[in-house]
Amino acid sequence: MPRNAGIIGPLATTPTTSAAVGVYGLAGQQHNAGNWPDGTPILSIDWLIVAGGGGGGSSGGDGIGGAGAGAGDLKSASGEVAQGTSFSVVIGAGGSTDANGANSTFNSITGIGGGRGSKSAGSGNAGGDGGSGGSGSFNAGSGYHAPGSATGDGYNGTAQTETSDYSPGGGGAGGLGAASVNATKTSGAGGIGVANSLSGSSVGYAGGGGGGARNKSGSTAGTASSGGGAGNRNGNGVAGSANLGGGGGGGAWSDAISPNARTGGAGGSGVVIIRYSSGSPQASGGTITSGGGYQIHTFTSSGTFATS
C-alpha cells in the first residue's frame, strides 16, 4: 500500500513474490516493525464515525402524528496513519425538528447526517435523505408523503402504507423502521442500530426514531433503541441521545392538550472514536481513556487527532 501522504488506508502486510511462505520481504518487515516501506513510522488504528441523527417529524393540523427520523451514518474500519501527522475531526449535530442531521468526518472520511422525519401536514413534506432515511407520513389533505433514501450506509426510510393517524419509524444503521398499523393504533418503531465496542464496551449507535401517534384510546407511539428517540402520543417526540447519532421521534397529535400539534424530537449528535494498541498515548485529541491494551480517543465535539 503506498504511503498516500498519511491518509488512512487498509493494512498492507502481504509477502513479496520472492519471499517464502510466511516470510515477509523487506517492505513487509518494515511494515510489521511499525513503518511504511519508505521508513515512515505508522500507527495502526481502528475507527468509528457516527453522524448526527435527523430531527423527528412534527404533527400538523390534521390529527396525524409526525414520522420518525433516520439515524446518522455509521462507518467503522481499521487502517493506518503516519506518525507526526494530524487529522481534522468534525462531529455532526443532530437535526432540529423537521431537519436533517449534520455530517461527521475524520480526515477525508465522511458519515452523512440522518434524514428528517416527514411532517404530517402540508404538501412537499417528504422524509429526508441521509445516512439513514427519514420516514414518510400521511396527510389527510395531500395523501402519502414519500420516505427518504439512505445516501450513507444505513437504511431507507419507511413508506406509510395505509391511511392512518399513525406514522412509521425512521431508518436505522441496522434496519428499516417499522410501518404503522392502523388497526391496532400503533405507530412504527425506529429501525435498529448497530453495536460497536471501540469505546471499551458494547454500545448501540444510530437507531431510527419512532413514529408519532394520535392520542386516541389504546394508541401506541413508536418505540426506539440504540440512541433513537421514541415517538409520542401526547407531546413532543423524544430527542435522540447525544453522541449516539439516533433519529428523533415523531411528535403527537394530542386531542387533550393544547396546542394539539406537537413537534418532533431533535436528532442525537454524532461521535468519532479512534483506538490503537499501546500502553500509553501515541496521539492527542478528544478524551483519552485506556482499557484492554488500547488507547481510546473519543471525540464528542470537533477537534484534531494528532499522532506524536
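Author: Start with contact: it means heavy atoms within 4.5 Å. By that rule, and not counting residues up to four places away in sequence, Gln-160 touches Gly-136, Ser-137, Phe-138, Tyr-144, Tyr-166, Ser-167, Pro-168 and Ser-180.
This is a predicted model, where local features need pLDDT of at least 70, side-chain atom pairs count only at pLDDT 80 or more, and totals for chains, interfaces and linings use all residues. Residues are numbered from 1 along each chain as its sequence is written, and side-chain values use heavy atoms, with hydrogens and water left out.

Reader: What is the mean pLDDT of the chain?
Author: pLDDT is the predictor's confidence in each residue, from 0 to 100. The chain has a mean of 88. Of its residues, 89% reach 70 or more. Residues 1-27 stay under 50. The model has 42 contacts beyond four places in sequence for that stretch.

Reader: Why is Gln-160 called buried?
Author: Buried means under 20% relative accessible area, exposed means over 50%, and partly exposed lies in between (1.4 Å probe, protein chains only). Gln-160 has 6%, so the residue is buried. Buried residues make up 51% of the 308 residues in the chain.

Reader: What makes the pair Gln-160 and Ser-180 a polar contact?
Author: A polar contact is a pair of N or O atoms within 3.5 Å. Within protein, one must be able to donate a hydrogen and the other to accept it, and residues adjacent in sequence count only if both atoms are side-chain atoms. The side chains of Gln-160 and Ser-180 make such a contact at 2.9 Å. A polar atom of the Gln-160 side chain also lies 2.9 Å from the backbone oxygen of Glu-162.

Reader: Is Asp-153 buried, exposed or partly exposed, and why?
Author: Its relative accessible area is 48%, so Asp-153 is partly exposed. Asp-153 lies in the loop between strand S7 (143-144) and strand S8 (194-196). Gln-160 is found in that loop between S7 and S8 too. Strands (E, at least two residues) and helices (H or I, at least four) are DSSP runs, numbered from the N terminus.

Reader: What does the side chain of Asp-153 make a polar contact with?
Author: With the side chain of Lys-75, at 2.9 Å. Asp-153 touches Lys-75 along with Asp-73, Leu-74, Gly-131 and Ala-173, not counting residues up to four places away in sequence. Asp-73 is 80 residues apart from Asp-153 along the chain, yet their C-alpha atoms are separated by 5.9 Å.

Reader: Why does Asp-46 count as buried?
Author: Asp-46 has 17% relative accessibility, so the residue counts as buried. The place of Asp-46 is in strand S1. Its side chain makes a polar contact with that of Ser-78 at 2.6 Å.

Reader: What makes S5 and S11 edge strands?
Author: Five strands form an open sheet in the order S5-S4-S3-S14-S11, with antiparallel pairing. S5 (109-111) and S11 (283-284) each have a single partner strand, so one side of each is left without a neighbour in the sheet.

Reader: Which residues touch the most other members of the largest nonpolar core?
Author: A nonpolar core is a set of buried Ala, Val, Leu, Ile, Met, Phe, Trp, Tyr and Cys residues joined through side-chain atoms within 4.5 Å. The largest has 15 residues, and Ile-45, Val-89, Phe-106, Val-272, Ile-274, Phe-299 and Phe-305 touch the most other members. S1 gives the most to this core, with four residues. A second, separate core of 12 residues includes Leu-198, Ala-206, Leu-244 and Ile-273.

Technical notes: Pairing = 2+ DSSP bridges.
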